[in-house]
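Thank you all for coming; I would like to take a few minutes to walk through one structure with you. Please have a look at the sequence and the model, and then I will begin with a definition.

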Amino acid sequence: MLISGNFNINAETLEDPVVPKFLDNVGSLGLQQHASVPTHVAYHTLYLVIARVNSYPLYGSLNAHYKMTSHSTVLFTLNLPKPARSGH
């Protein structure tokens with residue numbers, strides 16, 4: 001399972017009471033938030049990448065690229081298993 005998108009919360013700001021509650025809820029579902037780089041020009045992490053703990057690890061790190069808006073495009077690579085051959 002992979003969930004990604006703009007959650008519009010400052011995930012790096014643990015002083016905001018919403019953030020620890022959100023991250024606790026994510027963890028209680030067996031999920032982990034992977035974005036650790038700013039994804040907004042104001043250096044906030046708004047775009048999150050959430051996946052199951054110990055499922056398909058990300059290769060390397062997330063890269064945020066700013067182009068035409070204040071929000072960045074977030075690029076990442078997943079370590080997905082090769083599908084089994086069906087034999088048909």
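A residue is called buried here when its relative accessible area is under 20%, exposed when that area is over 50%, and partly exposed in between. With that in hand, and keeping in mind that this is a predicted model, let me start with Gln33, which sits in strand β2, residues 31-33. Gln33 has a relative accessible area of 17%, so Gln33 counts as buried. What does the side chain of Gln33 reach at 3.4 Å? It reaches the backbone nitrogen of Val49, and, setting aside residues up to four places away in sequence, Gln33 also touches Ala11, Leu23, Val26, Leu48 and Ile50, besides Val49 itself.

Several of those names return in the largest nonpolar core, which consists of five residues, Ala11, Val26, Leu31, Leu48 and Ile50. Ile50, leaving out its neighbours within four places in sequence, is in contact with residues including Met1, Leu2, Ile3, Val26, Leu31 and Gln33, and also with Phe7 and Phe22.

That brings me to the aromatic residues, where the count comes to one pair. The ring centres of Phe7 and Phe22 lie 5.6 Å apart with the planes at 55°, so this pair is classed as tilted. Because Phe7 belongs to the loop between β1 (2-6) and α1 (18-28), while Phe22 belongs to helix α1, the pair ties together parts that are 15 residues apart in sequence. As for accessibility, Phe7 is partly exposed at 28%, and Phe22, at 22%, is partly exposed as well.

Conventions
Residues numbered from 1 in each chain as written. Predicted model: local features only at pLDDT ≥ 70, side-chain atom pairs only at ≥ 80, totals over all residues. Heavy atoms only, no water. Core = buried A, V, L, I, M, F, W, Y, C linked by side-chain atoms within 4.5 Å. Buried < 20%, exposed > 50% of the residue type's maximum accessible area, 1.4 Å probe, protein only. Contact = heavy atoms within 4.5 Å. Phe/Tyr/Trp six-rings, centres within 6.5 Å; stacked < 30°, edge-to-face > 60°. Helix = DSSP H or I, 4+ residues; strand = E, 2+ residues; numbered from the N terminus. Polar contact = N/O pair within 3.5 Å; in protein donor to acceptor, adjacent residues only side chain to side chain.
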